[in-house]
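Please find below a briefing on the structure shown here.

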Protein chains: 2
Amino acid sequence: MSKKNITTLKKIATELGVSISTVSRALSNHPDISDETKQRVNETAKRLHYVPNLFAKGFRSHKTSTIGVIVPDISHYFTSTLLKGIMQEAELNGYKVIVSESRNNEYKQAEMLQTMNQFGVDGILLSLARTTTNFDEILNTLAIRPLILFDKVSTKVPCTQVVIDEEDAAFRAVQHLIQLGKKRIAIIKETEKSFNSEMRYLGYLRALKTNNIELDESIVLSSEDISMQQGKRLGTVLISMKNRPDAVFAITDSAAIGVIKTLNKNKISIPSEIAVVGFSNNISSIIIEPKLTTIDQPGNKIGEIAFRYLLEEINNDTQISNKTIEIKTNLIVRDSSFKSD
Amino acid sequence: MSKKNITTLKKIATELGVSISTVSRALSNHPDISDETKQRVNETAKRLHYVPNLFAKGFRSHKTSTIGVIVPDISHYFTSTLLKGIMQEAELNGYKVIVSESRNNEYKQAEMLQTMNQFGVDGILLSLARTTTNFDEILNTLAIRPLILFDKVSTKVPCTQVVIDEEDAAFRAVQHLIQLGKKRIAIIKETEKSFNSEMRYLGYLRALKTNNIELDESIVLSSEDISMQQGKRLGTVLISMKNRPDAVFAITDSAAIGVIKTLNKNKISIPSEIAVVGFSNNISSIIIEPKLTTIDQPGNKIGEIAFRYLLEEINNDTQISNKTIEIKTNLIVRDSSFKSD
DNA sequence: AATTTAATTGCAAACGTTTGCGGGAACGTT
DNA sequence: AACGTTCCCGCAAACGTTTGCAATTAAATT
């Protein structure tokens with residue numbers, strides 16, 4: 001049904017008895033073409049519902065005005081804010097966005113990179129799969145076209161990276177607990193040494209050090225996935241200690257919420273007995289009671305900035321830089337760390 | 001840095017001293033080509049990191065192997081499950097996906113449709129912006145290429161539509177409350193007559209009728225946006241009534257959670273005094289205490305099925321159908337409607 | 001040895017667009 | 001009248017790929 005009645009330059013040209021090039025130039029408002037001709041061309045183009053074939057266009061110009069984005073998991077709220085930022089900024093600059101999900105699988109991730117290369121995107125925004133150990137395909141891509149890492153990054157890839165200032169964020173979260181008078185602050189982090197987890201741990205350590213609090217390894221807890229389930233479990237571990245902590249910094253809102261759930265169940269008062277701080281500012285953090293103190297990561301902003309840097313690299317065909325841009329976060333203090341009523 | 005060293009068929013051809021067509025055929029495993037040549041071609045192609053230029057390809061074949069998806073808001077959890085389903089199924093079939101967000105703005109939506117048309121996607125999956133009143137661009141697109149509506153749909157567009165069986169879902173939710181012995185069931189719906197809201201309301205009405213319960217308009221509440229804020233507000237409205245309802249069916253999890261929050265604050269026991277049921281099975285529904293009974297919408301499945309139908313329409317260049325496919329939902333019973341301990 | 005057949009490969013056109021270059025008409029300048 | 005400008009416009013090549021058809025070679029048949 002569809003393919004027959006597609007309007008091309010040629011069709012307009014024959015219709016008007018002029019050449020294809022004239023039509024092309026008229027439509028792009030080339031000074032060589034008389035106003036009258038432009039008028040006529042634009043008119044028939046509109047009448048015939050002409051839409052330029054971007055394929056033919058991109059085919060010639062080697063520009064697709066499209067960027068590719070690969071994220072580990074599209075269904076995390078934070079991820080969707082990242083995408084929002086990227087898409088918004090992309091649209092503002094006349095770029096289309098192709099989104100893919102690696103599902104935290106590095107093979108899938110490599111495959112997606114290939115596809116995007118084939119597709120001829122002008123640049124790629126990549127947030128790494130958690131398990132990435134083989135960087136070959138990424139480095140290959142980097143040699144071919146602009147690529148920027150964001151959110152989940154790695155020092156193994158020499159390119160521009162846009163991240164939140166994890167260390168600083170964690171530092172401030174813990175600092176906040178200390179200023180509240182807390183002295184024995186547990187942390188829940190990832191077993192595996194992911195970039196984000198390690199940075200947040202470093203922030204935790206620095207806060208302790210700054211305040212001359214000695215590190216107690218027995219309240220440094222880890223788990224494979226830092227989910228609500230694990231938060232619940234580690235919560236019970238914590239309250240069954242002879243020497244209970246008086247605060248918990250969980251590297252994830254989900255885990256923090258899990259902790260709160262066990263504390264609630266065991267009638268341990270939050271924050272007076274144990275205060276809790278999370279990380280991400282999920283929607284859930286205002287659902288749980290008491291509402292969760294947490295770090296707000298400005299996903300939109302990260303996405304926005306990542307796109308801007310990518311655009312710059314696309315336009316200036318310079319050599320690749322490898323600076324790291326750190327976006328500052330906000331500590332949002334709520335009831336889980338501050339007596340509200 | 002990038003554009004110079006791109007491998008084309010020609011490069012491989014000259015390298016091997018054969019013609020371009022031979023290389024092309026060899027790579028696509030055409031029977032005309034001898035095994036030895038195929039071998040050599042494949043080898044050099046690999047060595048030179050050949051990636052086919054999909055633009056040249058799509059340019060000739062008029063097929064881009066790409067579909068466009070437009071959703072109102074990418075950051076809703078349910079939306080991301082829809083996208084997940086679509087992307088998964090698309091990948092399985094060798095399709096790329098372009099995602100866009102209309103931000104519930106019908107002009108933006110029309111613009112996105114145009115862009116996708118220009119881009120030459122093979123088909124479009126559209127979830128309508130809430131405010132859509134002008135269907136011109138949609139109908140135009142429909143005349144040009146396969147388009148399927150999903151989730152947020154409208155009868156004004158004569159095409160295949162994939163939705164959840166809203167009416168049935170609502171019916172079962174309310175039926176469940178009635179079976180629990182509830183007799184005076186309030187509903188919180190949208191002021192504006194959106195498709196989804198109306199269908200759910202119809203389900204509510206049918207459940208009442210089936211059980212010979214008379215409709216009491218005074219406990220049919222509406223609000224512009226059915227957010228947690230509004231849920232809280234309408235919750236206070238409900239409990240300040242002389243003749244309080246003994247259950248609330250909220251058309252949205254957020255609103256339901258808002259209601260629970262006010263009930264909790266006012267020490268009204270859930271579910272014994274007032275039971276609450278939501279709709280969507282958000283993550284938040286297991287964060288709130290008591291955990292929320294709600295309707296689980298299988299987003300993945302909807303996405304999957306929508307893509308399949310689209311693919312069918314892409315392949316069979318038949319005339320457009322306009323059947324509606326309704327996906328069944330699951331009622332998930334939790335503590336907000338059932339005494340657990 | 002001559003002819004047919006089969007197996008490989010190359011030629012060239014086509015897809016829709018952009019763009020450097022050249023050409024004709026109209027006008028003004030010597 | 002001859003020349004130079006300026007203003008419009010068309011020709012044709014190019015982008016990388018696929019594909020119908022023709023061409024070449026080798027093998028098989030007579």
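At which residues of chain A does UniProt place the feature "domain: HTH lacI-type"? The unreviewed UniProt entry places this feature at residues 7-61 of chain A; UniProt positions are given in the numbering used here, feature names are shortened, and annotations may be inferred rather than shown by experiment.

This is a predicted model, in which local features need pLDDT of at least 70, side-chain atom pairs count only at pLDDT 80 or more, and totals for chains, interfaces and linings use all residues. Residues are numbered from 1 along each chain as its sequence is written, chains are lettered from A and ligands numbered from 1 in the order in which they are written, and side-chain values use heavy atoms, with hydrogens and water left out.

**The annotated segment and helix H4 of chain A**

- Residues 7-61 of chain A are 67% helix and 0% strand, and the C-alpha atoms at the ends are 21 Å apart. Helices (H or I, at least four residues) and strands (E, at least two) are DSSP runs, numbered from the N terminus.
- In helix H4 (residues 54-61) of chain A, the buried residues are A:Leu54, A:Phe55 and A:Gly58. Here buried means under 20% relative accessible area, exposed over 50%, and partly exposed in between (1.4 Å probe, protein chains only).
- These residues lie on the same side of H4(A), because they cover an arc of only 100 degrees around the axis. The arc is that of the directions from the helix axis to the C-beta atoms.

**Helix H7 of chain A**

- A:Glu137, A:Ile138, A:Thr141 and A:Leu142 are buried in helix H7 (residues 136-144) of chain A.
- Their arc around the axis is only 140 degrees, so they fall on the same side of H7(A).
- A:Asp136 and A:Ala143 are exposed on the other side of H7(A).

**The parallel sheet of chain A**

- An open sheet of 4 strands, with parallel pairing, has the order S7-S6-S8-S9 in chain A. Two strands pair if DSSP finds at least two bridges between them.
- Strands S7 (220-223) and S9 (275-277) of chain A stand at the edges with a single partner strand each, so one side of each has no neighbour in the sheet.
- From one strand to the next, the twist averages 20 degrees. Axes are lines fitted to C-alpha atoms, for helices over the stretch in contact, and angles run from 0 to 180 degrees between N-to-C directions.
- Strand S6 (residues 185-190) of chain A runs parallel to S7(A) and is joined to it by 4 bridges; A:Ile188 has A:Leu221 as its bridge partner in S7(A).
- Helix H8 (residues 166-179) of chain A lies across S6, strand S8 (247-250) and S9 of chain A, at about 170 degrees to S8(A). Helix H10 (residues 228-239) of chain A packs on the sheet and touches S6, S7 and S8 of chain A, its direction making about 150 degrees with that of S7(A). Contact means heavy atoms within 4.5 Å.

**The parallel sheet of chain B**

- In chain B, 4 strands form an open sheet in the order S7-S6-S8-S9, with parallel pairing.
- S7 and strand S9 (275-277) of chain B are the edge strands; each has a single partner strand, so one side of each lacks a neighbour in the sheet.
- Strand S6 (residues 185-190) of chain B is joined by 4 bridges to the parallel strand S7 (residues 220-223) of chain B, where B:Ser223 is the bridge partner of B:Glu190.
- S6(B) is also joined by 4 bridges to strand S8 (residues 247-250) of chain B, again in parallel, and B:Ile185 stands opposite B:Ala247 in S8(B).
- Helix H9 (residues 195-210) of chain B forms a right-handed β-α-β unit with S6(B) and S7(B). A crossover is right-handed if, with the strands pointing away from the viewer, the path from the first strand over the helix to the second runs clockwise.
- H9(B) lies across S6, S7 and S8 of chain B and runs at about 165 degrees to S6(B).

- A:Ser100, in strand S2 (residues 96-101) of chain A, counts as buried because its relative accessibility is 11%.
- Beyond its neighbours within four places in sequence, A:Ser100 has contacts including A:Val69, A:Met112 and B:Met87.
- B:Ile98 belongs to strand S2 (residues 96-101) of chain B and, at 3% relative accessibility, counts as buried.
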